[in-house]
Amino acid sequence: MLRRIVAPNSSLMTLTGTNTYLIGQSEIALIDPGPNLKSHLHAIRAAIGDARLTKILVTHSHIDHTELTHEIKKLTDATVYAHHKQRSLLSYDEQDRRGSGIDPTFVCDKFIDDDDIIQSDEGWEIRVIWTPGHLEDHVCFSFTNGRALLTGDHIMNGSTSVISPPFGNMTDFIASLKKLQGRGESVLYPGHGGPIDDPQAMIQFQIEHRLEREEQILSALRGHTLSPQELVTKIYIDLPPPLKPLATKTVLAHLIDLMNRGLVKTTTMPHLHAKYFCPLA
Ligand SMILES: [Zn+2]
């Protein structure tokens, strides 16, 4: 049994709000506690009722997914699971992490890895699929009994994921989308937005969307030397102004990926204000 509780933190970034999922009936795993809001905590407690919450799993350590972990943990003593790359994020400066939406207070009890299986006494099973890109510690969870794939921010419903270097990596992100091709789940349950009924069509759309962006960037750079911001102005038509800084970061992630493949160059170090060009143009 899988249930969704939508947190009341809707915004341009979080869409209708962060989704918290509960798996199980008498023994429960909670996926992504969500933001630290009293009403959300109450909704989670009401949904759990008399059942036993034994596991808290997070798809990645962005604050809108993890902030409530501590409060729930206080009530239940459940074990908190996150991918082991969560530890390597800690090597970055705290201010940079905070600025990028990473939860600096998040504490995990048990690290998980690709293909690990988390089981309950009541018979449900959750398989870990490491999907770095949006963040290095990002994982999807396959709830095998329900033929459901919980995709966190790797695949959202209603918007595409922001990839913000240095924490986000476009090369990894596209590889992680390809990793989900050919899987057998029948529904995707994203971290934001409602369920997606045709997983493989959605995954294909996401890959094509990124390849299309890549092509737009390359053609804009043919014969021109441009900054990520100038590229956003050229490419992202009709984008609401508050989303422009995020689009600029995603364009930078594309540029770094294209540089690694020798298709784009810059005259300085790659950063948000550098200028980029096509060496082959
Ligand atoms: Zn996120």
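Two residues are described here as in contact, touching or meeting if their C-beta atoms, placed from the backbone, lie within 7 Å. The structure is a predicted model, in which local features need pLDDT of at least 70 and side-chain atom pairs count only at pLDDT 80 or more, whereas totals for chains, interfaces and linings use all residues. Residues are numbered from 1 along each chain as its sequence is written.

**View 1. Surroundings of Phe141 in the largest nonpolar core.** Leaving aside neighbours within four places in sequence, Phe141 is in contact with Ile31, Leu57, Ile126, Val128 and Leu150. The largest nonpolar core has 35 residues, of which Ile23, Ile31, Phe141 and Leu150 touch the most other members. A nonpolar core is a set of buried Ala, Val, Leu, Ile, Met, Phe, Trp, Tyr and Cys residues joined through C-beta atoms within 7 Å. A residue counts as buried if 20 or more other C-beta atoms lie within 10 Å of its own, as exposed if 12 or fewer do, and as partly exposed in between, with C-beta atoms placed from the backbone. At least two residues of this core come from each of β2 (19-23), β3 (27-31), β4 (52-57), β5 (79-83), β8 (125-130), β9 (139-143), β10 (148-152) and β11 (187-190). Strands (E, at least two residues) and helices (H or I, at least four) are DSSP runs, numbered from the N terminus. Another core, of 20 residues, lies apart from the largest one and includes Ile163, Leu180, Ile217 and Val251.

**View 2. Ile126 in strand β8.** Ile126 is located in strand β8. With 25 other C-beta atoms within 10 Å, Ile126 is buried. Not counting residues up to four places away in sequence, Ile126 touches Ile23, Ala29, Ile118, Phe141, Ser142 and Phe143. Ile126 and Cys140 are 14 residues apart along the chain, and their C-alpha atoms are separated by 9.9 Å.

**View 3. Asp64 in helix α2.** Helix α2 (residues 63-66) contains Asp64. This residue, Asp64, is buried, with 22 other C-beta atoms within 10 Å. Beyond residues up to four places away in sequence, Asp64 touches Asn9, Thr14, Thr18, Gly34 and Pro35. Asp64 and Thr18 are 46 residues apart in sequence, yet 6.6 Å apart in space, C-alpha to C-alpha.

**View 4. The two domains.** The domain assignment divides the chain into domain 1 (2-197) and domain 2 (207-277); such bounds come from an automatic or database assignment. The C-alpha centres of domain 1 and domain 2 are 29 Å apart. Contact involves 13 residues of domain 1 and 15 residues of domain 2. On the side of domain 1 that touches domain 2, the residues divide into 7 nonpolar, 5 polar and 1 charged. Here Ala, Val, Leu, Ile, Met, Phe, Trp, Tyr, Cys and Pro count as nonpolar, Asp, Glu, Lys and Arg as charged, and the others, Gly among them, as polar.

**View 5. Packing of α8 against α9.** The axes of helix α8 (residues 228-235) and helix α9 (residues 244-260) come within 9 Å and cross at roughly 110 degrees. Helices α8 and α9 are therefore roughly perpendicular to each other. The contact is formed by Pro228, Gln229, Leu231 and Val232 of α8 with Lys244, Ala247, Thr248, Val251, Leu252 and Leu255 of α9. These contact residues of α8 and α9 comprise 7 nonpolar, 2 polar and 1 charged. Axes are lines fitted to C-alpha atoms, for helices over the stretch in contact, and angles run from 0 to 180 degrees between N-to-C directions. Angles under 35 degrees count as roughly parallel, over 145 as roughly antiparallel, 65 to 115 as roughly perpendicular and the rest as oblique.

**View 6. Packing of α7 against α9.** Helix α7 (residues 199-221) packs with α9 at an angle of about 80 degrees, their axes being 10 Å apart. Arg213, Glu214 and Ile217 in α7 meet Val251, His254, Leu255 and Leu258 in α9. The residues of this contact divide into 4 nonpolar, 1 polar and 2 charged.

**View 7. Backbone features in loops.** Most residues other than glycine have a negative phi, and most peptide bonds are trans. Leu15, in the loop between β1 (2-6) and β2, has a positive phi near 55 degrees. Leu15 is buried, with 20 other C-beta atoms within 10 Å. Asp238, in the loop between α8 and α9, has a positive phi of about 70 degrees. Asp238 is exposed, with 4 other C-beta atoms within 10 Å. The peptide bond from Pro165 to Pro166 is cis, with omega near 5 degrees, and Pro166 lies in the loop between β10 and α6 (170-179).
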